[in-house]
Amino acid sequence: MRRLGLALVLLWVVATVLFFSIHLLPGDPALLILGGDAAQASPEQIARVHARLGLDRPLPVQYVAWLRRVTKGDLGTSLLDDRSVARDLANRLPRTLQLVVPATALAVALGVPLGVFAARRRGRVADPTASTLALAGFSMPVFVVGMLLVLVFSLRLRWLPPTGYVSLTEDPGGFLRHLALPVLALAAAPLATVMRMTRSSYLEEAARDFVRTARAKGLAERVVAWRHVLRNALLPVTSIVGLQVGSMFAGAVLVEYIFSWPGINALLLNALGTRDYPVIQGVVLLGSTLFVAVNLVTDLCYGLVNPRIRHG
Amino acid sequence: MARMVGGDAPPDLGDARQGGSGTVGQPRPRPVWRRSRQVLVAGPVVGLLLAAAALAPVLARADPNALNPRAKAQPPTLAHLLGTDEFGRDLLSRLLHGSRITLVVGLSSVAVAAGLGTLLGSAAAYARGPVETAIMRAMDGLLCFPPILLGIFVVTFLGPSLRNLILVIGVLYLPRFTRVVHASTLAIRELEYVESARALGASAVRVVGGTILPNIVAPILVQASLATGHAILIESGLSFLGLGPPPPTPSWGRMVEQSGRFMQLSALPLLWPSAAISFTVLAFNLLGDGLRDLLDPRLRRGT
C-alpha cells in the first residue's frame, strides 16, 4: 500500500510538472500554438486560444480544474481537430502494447536461456562471444537496429513489408508480417540487457555456499542448476525486465516512427509538428504513468518472488 | 601475454579469468594493464574518437556541407574515401564533423549531470535530515519521466539547439549521479578517517571536498563512462527525430534518418553513421564496464 501511495505521489508530481511547464516556458503558449511570432496572430485569436485553454483564469484555479479533469480521465481535446485526447490515446494504446508485449516476451524467452548458456560455458569460446554480442546489442540505438532490419529483410531479401500497420482482426497474417520487424527492433536492446543480467546473476549465485552444499549432497546437476541457481538468479532479472518494459514504451517512439506504426508515440510525433499541446501533454502523461505503473508492478512482483522482501 | 610488467607478476594463471569461482579473499595482484581487457581495448578507441573529433577540421578534406550534384550517392573513391550521400556531400567529412556534436553533447551533458549530481548527492548525504529527503525525492520525481519522452517534450518547447540538448540530457542523468554519490558518501561518512578530519576541525565543505570526494571518484568515473554511452544514444535518437542541432550541422542521428530514406538507392550512407554511433556507444560501455572491474572491487561481478 505504501508503494502504491508513493507511486500516486510521483504521478501527481509528473502531472504538476507537465501542467506548469506550459507556464514556465518563455513566451505565450497561445502564440506558440498559433504558429509563433511569425504568424502575426490577432489579439482576438490569442484571446480565443486563452479562453480555450482556460489561460484567462488565475493560475491556481486553472491548476485545480486541470487536475480534477485529469483524474477523471479527461485530457482535453486536440487543438487541431477537437478530438478527445483521451479517446485517441485509448484507441492507440493497444497498438503500442502490440509492440511492447511481444518484444518483452521475446527478450525474456531468448535472453534468459542465452544468459544461462553463457554463464554455464564461462571461459569457453561461447561465453565471451555471447557477452560481446550482448554488449553490441545494447550499444546499438533502436533506430539503427530498425533501419538495418528494414534494409536486410525488406529491401534485400524482400521477406517482410518495411512499414505500415494492418489490423489484427482484418488480416491476421498481414498483421504478423508487419509486426515482426518492429518487435525485433524493439526487443534487441532489452534482450541483450536481460541476457547480461542473467549471466552475471547466475554466476554470482553459482558461487554461493548453498550451491556447493546442494552438489555435495549429490543432487543432479540439472536440479542444482534449475532449482538452486536459476531460481535465485532470476530475482534481479525480474527487476531489470520491469525497467526494460518501462523504457520500451518510450523506446517505441523511435520504432513507431521508423515503421509508421500508429501507436501512442506516433500520435506524439504528429502533435510535435503542430504543437498540439493537449495531445503532447496527454502522451507524456500516459507514458510516465505507464512507466511508473510498470515499476510499481515490478516492485510488487519482486516481493512475490522473493519472500525475503515483502512489502507491507 | 608475451610480456610481464614489473616483479609482482603472478605465477602463470593460464587463462583463468579474474574473480573466478576458485578465488577466495584478496584477488592476487596483477599488472594493471592486464586487469581489464575492456579498458585495454576501449581506452584507446575512446582516445582515437576524441582525437578524430578534435582534429575534424584538419582531417576532413572536404567541406561537410558542400553539395555536389555531379557526385551523388557515390561508392567510396579516392576523392571521397567513404563515398558521398544522396546530395553529393562527402561522407567522411560529415562523419568526422558529426563526431564533434556527438561527443560534445555526450561528454558535456554527463559533465553537467556528474557535477550537479556530486554536489547534490554529497550535500544530501552529509546534511541528512530534510535536505536529504528533499533532494532524494526530487531525484525520484525526475526518474519517473521516461528519458526519451522527457527529452522530446523539453526540446520541442525550448527549441532544438546544442545547448538545450546538453541541458536536457544532463538533467536526465542527474538522478543517477546523485544516487551514486549519495550512496557512496553515506557508506564512508562515518569511517574513522572522515571522523578524524572532522575532529581536526575541518569544515563540512572541506570534509566533503577534501576527504570524502577523492575516495568516491571511482564509482563516479564508472557512472560517467556508462552514462556517456547512454547520453549518446539519447542524443542520436533525438537527432534522428529531427530534434538535434538544426541542419546543416552534420549529426550522426540525422544522417541515419536522412540516408535511411535513400537506402534503396545506396546503403553505404546509412551504414557509416549507424556503425559510428554503435561503435562509439560500445566503446564507452566497454570502458565503463572495464573501469568498474578495475576501480571498484566491491561492485565486481563475475564479469
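**View 1. Ser260(A), a partly exposed residue in a predicted model.** Ser260(A) counts as partly exposed because 13 C-beta neighbours lie inside 10 Å, where buried means 20 or more other C-beta atoms within 10 Å of a residue's own, exposed means 12 or fewer, and partly exposed is in between, with C-beta atoms placed from the backbone. Ser260(A) sits in the loop between helix H10 (221-258) and helix H11 (264-274) of chain A, helices being DSSP runs of H or I with at least four residues, numbered from the N terminus. Although Ser260(A) is not a glycine, its phi is positive, at about 45 degrees. Most residues other than glycine have a negative phi.

**View 2. Arg128(B), in a loop of chain B.** Arg128(B) lies between helix H4 (91-127) and helix H5 (129-143) of chain B, and its phi is near 55 degrees, a positive value in a residue other than glycine. With 11 C-beta neighbours inside 10 Å, Arg128(B) counts as exposed.

**View 3. The contact between chain A and chain B.** Chain B brings 36 residues to the contact and chain A brings 35 residues, two residues being in contact if their C-beta atoms, placed from the backbone, lie within 7 Å. On the side of chain B that touches chain A, H12(B) gives the most, with eight residues. The residues of that side of chain B divide into 20 nonpolar, 13 polar and three charged, where Ala, Val, Leu, Ile, Met, Phe, Trp, Tyr, Cys and Pro count as nonpolar, Asp, Glu, Lys and Arg as charged, and the others, Gly among them, as polar.

**Notes.** Residues are numbered from 1 along each chain as its sequence is written, and chains are lettered from A in the order in which they are written. In this predicted model, local features need pLDDT of at least 70 and side-chain atom pairs count only at pLDDT 80 or more, whereas totals for chains, interfaces and linings use all residues.

Terms used:
Helices (H or I, at least four residues) and strands (E, at least two) are DSSP runs, numbered from the N terminus.
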